[in-house]
Each structure stands twice: as C-alpha cells, then as structure tokens.
Amino acid sequence: MVVVSATTAAEKSNKRYPGEAKGFVEEMRFVAMKLHTKDQAKEGEKEPVDQPLAKWEPSVEGYLKFLVDSKLVYDTLEKIVEKAPFPEYAEFRNTGLERSEVLAKDLEWFRQQGHAIPEPSTPGVTYARYLEELSEKDPQAFICHFYNTYFAHSAGGRMIGRKVAEKVLDKKELEFYKWDGDLSQLLQNVRDKLNKVAENWTREEKNHCLEETEKSFKFSGAILRLIFS
C-alpha cells in the first residue's frame, strides 16, 4: 500500500495542468475560457442560457444599474488592495486598470444628461459583500475574482460596451472603456505580478483559486444582466 500511494503522489506532482508551462495566469485564463459559450470564445464549453448579444435589447435605465453596481464592485476591489489584509494584495495597487474613478465620471455625465442615478442593487451589493469577506480569509479565491473582473472587462466587457453604446447612447464611448497608456502592456504587467504571487502557492492553493472561477462568473453575470432589466 505504501508503494502504491507513493507512486500516486509522484504521478500527481508530475501532472501538468493546462497552461501551467506558461505561468499561473494562463491556467486561470484556460479555466475562464471554458466557462464561456461557443459563440463567446472558441474554447467555450458552456451551453448558452441567454440569447446572443446581437439580439439583446438594452435600456439606458438597465445600463445605469449595471454601471452603478459595477462601480460598487470596483470600489470594493480597489479598497481591498489598498488596505491589503494579505501583503500580496499590495502588488495590485495602481496598476492602471482601476475603474472606480472613471465610472464616477461616467455616472456624472449621465446625471448631467438628466438621468436619475439609482442606488446599488442586489447583484452588486451581494458581490461586494462577498469580496470583502473573502479577502479577509482566502487570498487565493480573492485573487481569482480580481483577475476575472479586470481581465474580463478589458476583453468581452469592451465589446458589450460598444454594442450597448450603439443601441442606446448614439455610439458615445464611456470613460469606463478607456485606459491611460497601452492597455496590452498594463495587462501584461498585472499578469507578471499575478504569476509572481502564485509562485509562492502550493498546487492545492492554485487549484483552490481555479475552482473559484465559476463563482466569479455567476456574480459578474448577475450584474451584466442588469443591462437588460
């Protein structure tokens, strides 16, 4: 029995995870892409539950709810890395990906156009509370949410922003979808930091981080659906 279990342990330690050779961020990306549908990404494996983006009918009111709840989530993430209950969070201060201030500008623009700005709703409040609690006790899971929130916005989030702007904002590009500097370089800098932080994790801790991906998709999906509420 001892020989068998020792062999199994050796096999486990030699197992390669998809993307592992390129660094942990590639592992996170691989898991995230599998949670997309086929029409969202070629690696997607999920069956679509909503109608395709092209058929969505957004409203300004729904979009405002989405922006308000998104701002609450970004406010929360940015306060957490500033406070850094775990020292590795401090690596993610002032990355250039921050969205809280630009969302404040966008909401002010809507206000000036005569729109009433709603209070944060259940999806945003629930997610923000979850992130606060998680960040105090589970750094691997928290980093999963950090990665997925910022990186998804820089990719699919921009495409959704464009589609919504075409339908309800006369193609106006919001500040939410603009970054100071070269976005691809900003993202690469954060990838490098994430890989560096994950170098200190055990394989079990890395897997725990990856397992949180589906939860991050559920929270962000609930906020995204506000656009069409």
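Let me begin at Leu194, which touches Val25, Met28, Phe92, Ile143, Tyr147 and Phe151, leaving aside residues up to four places away in sequence. Contact here means heavy atoms within 4.5 Å. What we are looking at is a predicted model, in which local features need pLDDT of at least 70 and side-chain atom pairs count only at pLDDT 80 or more, while totals for chains, interfaces and linings use all residues. Residues are numbered from 1 along each chain as its sequence is written, and side-chain values use heavy atoms, with hydrogens and water left out.

On confidence, the protein chain averages a pLDDT of 90, and 86% of the residues score at least 70; pLDDT is the predictor's confidence in each residue, from 0 to 100. Over residues 1-11 the pLDDT is below 50, and this stretch has zero contacts in the model beyond near neighbours in sequence.

I turn now to the core. The largest nonpolar core has 55 residues, and Tyr63, Phe66, Leu67, Leu97 and Leu194 touch the most other members. By nonpolar core I mean a set of buried Ala, Val, Leu, Ile, Met, Phe, Trp, Tyr and Cys residues joined through side-chain atoms within 4.5 Å. Buried stands for under 20% relative accessible area, exposed for over 50%, and partly exposed for what lies in between, with a 1.4 Å probe and protein chains only. Two or more residues of this core come from each of H2, H3, H4, helix H5 (122-137), H6, H7, H8 and H9. Helices (H or I, at least four residues) and strands (E, at least two) are DSSP runs, numbered from the N terminus.

Helix H2 (residues 24-34) deserves a separate look: Phe24, Val25, Glu27, Met28, Ala32 and Met33 are buried there. The cover over the buried residues of H2 includes H6, H7, helix H8 (203-211) and helix H9 (213-224).

Which side chain meets Glu27 in a salt bridge? The partner is Arg203, at 2.7 Å from N to O. A salt bridge is a side-chain nitrogen of Lys or Arg within 4 Å of a carboxyl oxygen of Asp or Glu. Arg203 lies in helix H8 and Glu27 in helix H2, so this pair ties together parts that are 176 residues apart in sequence. Glu27 counts as buried, at 2% relative accessibility, and Arg203 is buried as well, with a relative accessible area of 19%. Arg203 also lies over the face of Tyr17, 3.7 Å from the ring centre. The criterion for a charge over a ring is NZ of Lys or CZ of Arg within 6 Å of the ring centre and within 35 degrees of the ring normal.

The structure holds 10 salt bridges. Another of them joins Glu108 and Arg111, at 2.6 Å from N to O. Both residues lie in helix H4, three residues apart, about one turn of the helix. Glu108 is partly exposed at 32% relative accessibility, and Arg111 is partly exposed at 44%. Glu175 forms a further bridge with Lys178, the closest N and O atoms being 3.1 Å apart. Salt bridges that share partners join Glu20, Glu27 and Arg203 into one network.

Next, the aromatic residues. Rings of Phe, Tyr and Trp (its six-membered ring) pair if their centres lie within 6.5 Å; planes under 30 degrees apart count as stacked, over 60 as edge-to-face and the rest as tilted. The count by this rule is 15 aromatic pairs. Tyr89 and Phe142 form a tilted pair, 4.7 Å centre to centre with 45° between the planes. Tyr89 lies in the loop between helix H3 (60-83) and helix H4 (100-112) and Phe142 in helix H6 (residues 139-168), so the pair ties together parts that are 53 residues apart in sequence. Both Tyr89 and Phe142 are buried. Phe176 and Tyr177 form a tilted pair too, at 5.0 Å and 55°. Ring pairs link Tyr63, Phe66, Tyr74, Phe92, Trp109, Phe110, Phe146, Tyr150, Phe176 and Tyr177 into a cluster. Over the face of Trp109 lies Lys172, at 4.6 Å from the ring centre.

Finally, the backbone. Most residues other than glycine have a negative phi. Ala84, in the loop between H3 and H4, has a positive phi near 50° and is buried at 17% relative accessibility. Asp170, in the loop between H6 and helix H7 (183-198), has a positive phi of about 55° and is exposed, with a relative accessible area of 72%.
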